[in-house]
Amino acid sequence: MSKIIETRTATLWLDDALGIIMFDGRDGSEQAARDAVDNIAAVRELSKQLKRPLLCDITSVKWIDSEAIAYYRSKAAAGAYSAIALVTASTISRTLGNVFLVLRGSGGIPTRIFASRSDAIAWLQRLPTPARSGDT
């Protein structure tokens, strides 16, 4: 495993073997706009100049406010990853995932919700390999 970055609302790392950036939302966390900015900055730091797929486990996240969702759906944030798989298990986290999808739209970036990490990883691995950040 590579470097681990801890933000106020998540733990992030690059799984070198899979080439996927992992995002584990902190138990009971509530994300505001500043948290979204910090989390995307961590994704960029871990990406090593490649737009990599992002597995975002929001199973334990309590809430993501509208300003954080707006940032996550912005072109600036979307440019940090090549695809996003949202992992949810509860009704609350599935609702958060659906709100993210509705408000964000696809934006040309493959995005799906999954009930398990293994299904999310399998889907991300079937997608095309990442491109250098400056190539897109």
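One term before we click anything: buried means under 20% relative accessible area, exposed over 50% and partly exposed in between (1.4 Å probe, protein chains only). Helices (H or I, at least four residues) and strands (E, at least two) are DSSP runs, numbered from the N terminus. This is a predicted model, where local features need pLDDT of at least 70 and side-chain atom pairs count only at pLDDT 80 or more, while totals for chains, interfaces and linings use all residues. Residues are numbered from 1 along each chain as its sequence is written, and side-chain values use heavy atoms, with hydrogens and water left out.

Select S3 (20-25). Five of its six residues are buried, so the rest of the structure largely encloses this strand.

Pick tryptophan 13 and you'll find methionine 22 of S3 opposite. Four residues sit between the strands of this hairpin, and glycine 19 has a positive phi near 75 degrees.

Next, show S5, which pairs with S3 in the parallel sense over four bridges (strands pair if DSSP finds at least two bridges between them). Phenylalanine 23 has cysteine 56 in S5 as its bridge partner.

Move to helix H5 (residues 117-126), where Ala120, Ile121, Trp123 and Leu124 are buried. Looking down the axis of H5, its buried residues fall within an arc of 165 degrees (taken from the directions from the helix axis to the C-beta atoms), so they line one face of the helix. Ser118 and Arg126, on the other side of H5, are exposed. The cover over the buried residues of H5 includes strands S3, S5, S7 and S8.

Note on methods
Contact means heavy atoms within 4.5 Å.
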